[in-house]
Amino acid sequence: MHMKARPRTALLGLVVLLATPLAAQDVEPESWRLAVGYLQRGLHAEAAEQLRAFLAAAPKHARASEARYRLGVCRLELGQTKDAVEPLEQAARDTTFTLRPECLYRLAGALQQTARHADAAKRFEELLAAVPADHYLAAAGRYGAGEAHRDAGDDQKAIPHFDAASRNPDDDPRGYGFAGGYQLGYARLRTGDHAGALAAFRTLCERWPSHEAIGELQYLVGEAAHRTRDDATAETAWRAAVAAGGEWADDARSALASLLRARGDDVAAVAELRRLAAEAPDSPLARGARLQLAQVQLAQGEAAPALKDLDALLGAKDLDPALATSAHAVRGDALAALSRPAEAILAYDAALGSAPEARRARLLCARAEALLAAGKAQDALAAFATTKSGADTELKGDLLYGEIQALHALGRHDESSQRARVFARDLPQHRLAGHAAYALAENLYAQAKYPDARAAYDALPAQHALARDARHKAAWAAWLADDAADAQRRFAALGADEAQDPARREEALSMEALAAAAAKRPDAALDAADRYAARYQKGAFLARTERVAARVLREKGELQAAGERLARAGKAETAEGAVPLALERADVAFQAGDFASSRRIYEEHASRTDAAGARALEGLAWCAFELGDDEACLAAVRSGLQHASIGELAPALRELELNLFTRKQSWTDAIASARAFLTAWPQHGKAADVEFALGTALARAGQDDDARTVLEKVVEGGRVARKDLALYELAWVAQRKKDVDGARARFTQVIEATKDPELADECRVLGAEIDLARGQRDRARAALGKVTHEKHVARAQYLIGQSLLADGQTERAAKVFQGVAKLPGAAALVADALFAAGETAHGRGDFAAATASLTTLVEQHPQHARTVRGKLYLGECLVRADRPADALPCRDRRRRGPRPREALDRACAPGARRP
């Protein structure tokens with residue numbers, strides 16, 4: 001808003017020279033008497049000379065403080081303001097001095113005149129503390145303190161003093177009530193307390209409705225109300241200012257036009273501007289009204305017509321230089337709005353050529369903004385940083401915000417953020433404070449500090465113009481911070497916000513589905529995807545959202561439904577984007593076990609030369625592998641490995657080739673495949689597992705030395721997924737190499753390393769067999785006693801029985817053997833266990849028990865290798881049990897072994913013992 005010069009109330013004139021008696025006293029020095037005489041005649045220079053002499057001769061005289069005070073007054077009267085300060089300060093130090101209040105007032109005034117405003121404020125406040133509230137100097141002191149604080153740049157401290165001065169009676173002859181209220185209003189405007197300013201100016205209007213400055217006061221009421229967004233009050237006040245006439249009427253009409261423009265009532269605004277031009281043709285604002293007409297068009301977004309009118313205005317003769325400056329400035333704004341920043345810079349340069357100093361900073365700021373828009377961020381930064389804002393808080397904020405923006409454009413995000421924090425600290429009430437806070441969030445977002453960015457976006461007030469942008473970016477920050485649950489909540493809120501941009505709402509619903517899926521909320525993801533499909537049947541994100549639905553269904557195992565959603569996504573996708581969808585459909589078919597259908601889709605894309613073609617070849621190879629078509633699998637693998645875009649899929653293909661050869665037990669090919677993998681990708685995450693596969697293949701191929709070298713490297717590296725299996729293979733290599741100690745040690749390591757109970761029990765059995773072979777039967781039994789897996793427990797118990805038998809513990813051995821035959825998973829050992837149980841019972845003379853075990857052996861396992869000899873034992877047992885008739889079938893059967901019939905006869909004779 002245009003502002004006219006504001007009056008400033010001068011310091012109260014005060015002449016208090018003879019407030020105390022000056023009658024001559026017998027003890028008074030002559031210099032004092034002379035000074036008094038000179039003062040009475042107004043001869044201040046002569047009086048000052050005598051007072052200096054008096055103080056030099058009697059510095060501690062009872063009248064010394066008064067002499068110093070009067071010396072200061074003399075110097076003030078002589079215009080020696082700086083020299084007056086020292087004696088006045090000396091006098092003010094005497095708290096018993098009768099004229100100390102007057103001295104403090106004089107001192108404060110002198111300090112103020114010498115631009116020592118902060119010191120002046122202190123003296124005024126010292127005066128106020130020294131006198132009662134109704135003292136004749138109190139009002140002047142309050143006002144003076146306010147002025148001093150104001151001139152020191154501290155309006156916050158000035159405000160209470162102006163407020164106190166404004167409470168003086170309406171008939172105050174010195175006008176402190178009016179002046180105090182006037183300055184109070186301006187101080188509150190400067191501090192951004194627009195509501196307080198409004199109250200101050202409105203009070204002035206109510207108390208002095210006929211004051212000669214009523215037009216200005218009404219204008220100021222409108223100005224303050226407008227800044228509080230109380231435009232109804234502003235309009236009423238400005239219309240009153242227009243009605244009051246005077247020098248502020250044109251300002252008020254111009255402001256009124258601006259208000260109407262801001263309200264969108266351009267017709268009324270134009271009418272006011274035209275009335276201004278017609279009714280006040282000599283006003284500096286008359287042609288300015290025409291300038292505002294161009295501004296109206298610019299505000300309506302019609303920058304081109306505005307530019308045309310501005311060019312016409314600038315072509316007028318005798319155009320006021322100030323108006324020309326404004327026209328050039330607005331022309332720069334119009335060009336900037338037309339995205340013609342280079343021309344805007346030239347327009348601002350033209351404005352700067354004749355602009356008064358007071359306007360240069362604002363123009364320089366606008367020029368810097370044009371530089372930034374022109375992509376000259378470095379030049380813009382320098383311009384923002386070097387432009388002086390003076391006492392203009394608004395401009396200071398604009399410049400600082402410009403620096404924030406320029407630094408952001410230069411990628412200097414930390415510096416930009418630092419300035420944004422300064423903005424928040426120093427200018428919290430600035431109109432761009434929210435923009436600066438948003439810029440801080442943008443910096444953090446650009447630096448991928450997504451959790452911090454999210455918090456910064458959230459800090460923006462809900463009513464701010466950028467609040468919806470902030471909520472949108474905060475949702476993305478949550479997503480990029482991998483906080484899918486929070487992202488889902490935020491995108492859902494965005495989608496439900498009717499005031500949001502429709503395109504953003506659509507995107508938000510799609511992202512809600514994606515975030516819900518990532519947050520492991522499948523039902524919520526499907527619900528959002530279904531709502532999107534129903535609401536946006538041809539939406540921009542339909543393909544993506546349908547893919548989300550497909551993946552959720554796939555994870556649920558609903559593969560047919562997943563395929564249908566992928567098919568729908570394929571129809572919504574672009575031709576190129578449909579290829580990945582087709583491959584995903586093939587993946588779903590593969591997962592469903594429909595390898596033939598999956599294979600057909602992959603075949604459609606296997607000839608492509610891009611990454612999709614490489615992926616199709618990989619899928620084709622896997623389909624052939626699952627279908628048992630080894631030749632086709634191998635062909636797809638080799639084509640894939642030679643594909644130009646195979647990239648990171650190559651290791652997986654080579655691993656598949658290795659699996660194929662392993663399944664076929666083509667050990668030579670498996671060895672070659674594994675070595676090719678390790679040569680190409682020695683640091684790959686699967687390298688250790690491939691080394692294990694290589695060692696196993698070498699072992700299976702009979703290359704035990706090479707196998708041992710490779711497997712030992714695998715074990716020592718510690719990166720293989722199944723270290724226990726590598727140790728197991730090493731144990732068998734050692735077995736085949738006759739390294740019994742090495743084999744035993746490896747089996748023990750397997751037991752310690754494995755999490756597979758079956759493998760652990762197998763290795764306990766294998767290790768125990770080695771111990772038994774070496775006669776370490778106690779150690780073997782300790783290990784075998786820990787075996788519990790049904791696949792190995794029978795073998796373990798059988799070996800325990802054998803070890804007990806070897807130790808001569810026949811009774812215990814027999815019980816063990818009898819128990820083995822009853823164990824689950826003992827089918828392969830039942831016959832051996834029955835024979836061992838019968839033989840052991842026979843050996844210790846328990847023929848009834850032997851008969852029971854051997855009878856079961858003969859009846860249930862007639863073809864077993866042990867059965868023939870078992871029959872011999874059985875026959876002997878039956879004879880000894882006096883059942884020779886039952887024993888005859890046993891003797892008549894064909895028997896194996898070297899024993900002659902005579903030996904059998906002797907064995908079956910009564911009383912005979914086993915040799």
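This is a short tour of the structure, stop by stop, with something to select at each one.

**Before you start**

The model is predicted: local features need pLDDT of at least 70, side-chain atom pairs count only at pLDDT 80 or more, and totals for chains, interfaces and linings use all residues. Residues are numbered from 1 along each chain as its sequence is written, and side-chain values use heavy atoms, with hydrogens and water left out.

**Stop 1: the whole chain**

Along the principal axes, the C-alpha atoms fill a box of roughly 175 × 80 × 45 Å. Of the 915 residues, 50% count as buried (under 20% relative accessible area, with exposed over 50% and partly exposed in between, using a 1.4 Å probe and protein chains only).

**Stop 2: α7 and α8**

Select residues 138-151 for α7 and 155-165 for α8; their axes come within 7 Å and cross at roughly 160°. Axes here are lines fitted to C-alpha atoms, for helices over the stretch in contact, and angles run from 0 to 180 degrees between N-to-C directions. The two helices are therefore roughly antiparallel (over 145 degrees; under 35 is roughly parallel, 65 to 115 roughly perpendicular and the rest oblique). Now show side chains: among the residues that meet are R142, Y143 and E147 in α7 and D155, H161 and F162 in α8. Contact means heavy atoms within 4.5 Å. By class, the residues of this contact divide into 6 nonpolar, 3 polar and 5 charged (Ala, Val, Leu, Ile, Met, Phe, Trp, Tyr, Cys and Pro are nonpolar, Asp, Glu, Lys and Arg charged, and the others, Gly among them, polar).

**Stop 3: two loop residues**

Go to A115, in the loop between α5 (100-113) and α6 (117-130). A115 has a positive phi of about 65° although it is not a glycine, and A115 is exposed, with a relative accessible area of 53%. Next, select S339, in the loop between α17 (321-337) and α18 (341-354). S339 has a positive phi of about 60° and is not a glycine; at 60% relative accessibility, S339 is exposed.

**Stop 4**

Select residues 757-773 and 777-784: helices α41 and α42 pack at about 170°, with axes 8 Å apart. That makes α41 roughly antiparallel to α42. Residues including R764, V765 and L772 in α41 meet partners including R777, A780 and L784 in α42. This contact has 6 nonpolar, no polar and 4 charged residues.

Move on to H792, in the loop between α42 and α43 (793-806). Is H792 buried or exposed? H792 is buried, with a relative accessible area of 11%. Not counting residues up to four places away in sequence, H792 touches E758, D761, E762, V765 and V787.

**Stop 5: A837**

Finish at A837, in helix α45 (residues 830-843). A837 is buried at 1% relative accessibility. Leaving aside neighbours within four places in sequence, A837 is in contact with A814, F817, Q818 and S853.

Definitions and conventions. Helix = DSSP H or I, 4+ residues; strand = E, 2+ residues; numbered from the N terminus.
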